[in-house]
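Student: I have a model open and want to know what stands behind the labels. Can we go through them one by one?

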Amino acid sequence: MEVILSILVALFGIGFGIFMALQPEDAIALHDRGRYTQVPEPTEEYIKQTRLEGIGLSVLCAVLLAVLLFAPK
């Protein structure tokens, strides 16, 4: 049961990481949605950082998924 849950979490992480890499403005908007004040537009550097974080998250979760699926029992 724990392995199935871990695989689902890894797949979710891969999907969200790809979403962050392809749509960084939308991922930033998810974070800032609950604020009531005016939020300035994200800078190019922040968008690039969000894109790199998404790629890193996807790679990390893909490695976790590979370890879970192909580890010797």
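Tutor: Start with Phe19, which counts as partly exposed at 28% relative accessibility. Keep in mind that this is a predicted model.

Student: Why is Phe19 called partly exposed?

Tutor: Buried means under 20% and exposed means over 50%, with partly exposed in between. Phe19 has 28%, so the label is partly exposed.

Student: And what makes Phe12 exposed?

Tutor: Its relative accessible area is 61%. The cut-off for exposed is over 50%. Phe12 is therefore exposed. Phe16 has 31%, so Phe16 is partly exposed.

Student: Why is the pair Phe16 and Phe19 called tilted?

Tutor: The ring centres are 5.8 Å apart, and the planes make an angle of 40°. Centres within 6.5 Å make a pair; under 30 degrees is stacked, over 60 is edge-to-face, and the rest is tilted. An angle of 40° falls in the rest, so the pair is tilted. Both residues sit in helix α1, 3 residues apart, which means about one helical turn between them.

Student: How many aromatic pairs are there by this rule?

Tutor: There are 2 aromatic pairs. Phe12 and Phe16 form a stacked one, at 6.3 Å centre to centre and 10° between the planes.

Student: What makes the pair of Phe12 and Phe16 stacked?

Tutor: The 6.3 Å is within the 6.5 Å limit, and 10° is under 30 degrees, so the pair is stacked. Phe12 and Phe16 lie 4 residues apart in helix α1, residues 2-22, about one turn of the helix. Phe12, Phe16 and Phe19 form one aromatic cluster.

Student: Now Thr50. Is it buried or exposed?

Tutor: Thr50 has 6% relative accessibility. That is under 20%, so Thr50 is buried. Its place is helix α3, residues 44-70.

Student: How do you know that the Thr50 side chain makes a polar contact, and with which atom?

Tutor: It reaches the backbone oxygen of Tyr46 at 2.9 Å.

Student: Which residues form the nonpolar surface patch?

Tutor: Leu52, Ile55, Val59, Val63 and Val67, with about 450 Å² of accessible area together. Take Val59, which is in helix α3. A patch member needs over 30% relative accessible area.

Student: How does the whole protein look?

Tutor: It has 3 helices and 0 strands, in the order α-α-α along the sequence. Of its 73 residues, 23% count as buried. The protein exposes about 5900 Å², with 69% supplied by carbon and sulfur atoms. Among contacts with a separation of 6 or more, 71% join residues 24 or more positions apart.

Definitions and conventions: Residues numbered from 1 in each chain as written. Predicted model: local features only at pLDDT ≥ 70, side-chain atom pairs only at ≥ 80, totals over all residues. Heavy atoms only, no water. Helix = DSSP H or I, 4+ residues; strand = E, 2+ residues; numbered from the N terminus. Buried < 20%, exposed > 50% of the residue type's maximum accessible area, 1.4 Å probe, protein only. Polar contact = N/O pair within 3.5 Å; in protein donor to acceptor, adjacent residues only side chain to side chain. Phe/Tyr/Trp six-rings, centres within 6.5 Å; stacked < 30°, edge-to-face > 60°. Contact = heavy atoms within 4.5 Å. Areas by Shrake-Rupley, 256 points an atom, 1.4 Å probe, with all protein chains shown as cover. Patch = residues over 30% accessible without salt bridge, like charges linked within 9 Å, V, L, I, M, F, W, Y side chains within 5 Å. Salt bridge = Lys/Arg side-chain N within 4 Å of Asp/Glu carboxyl O.
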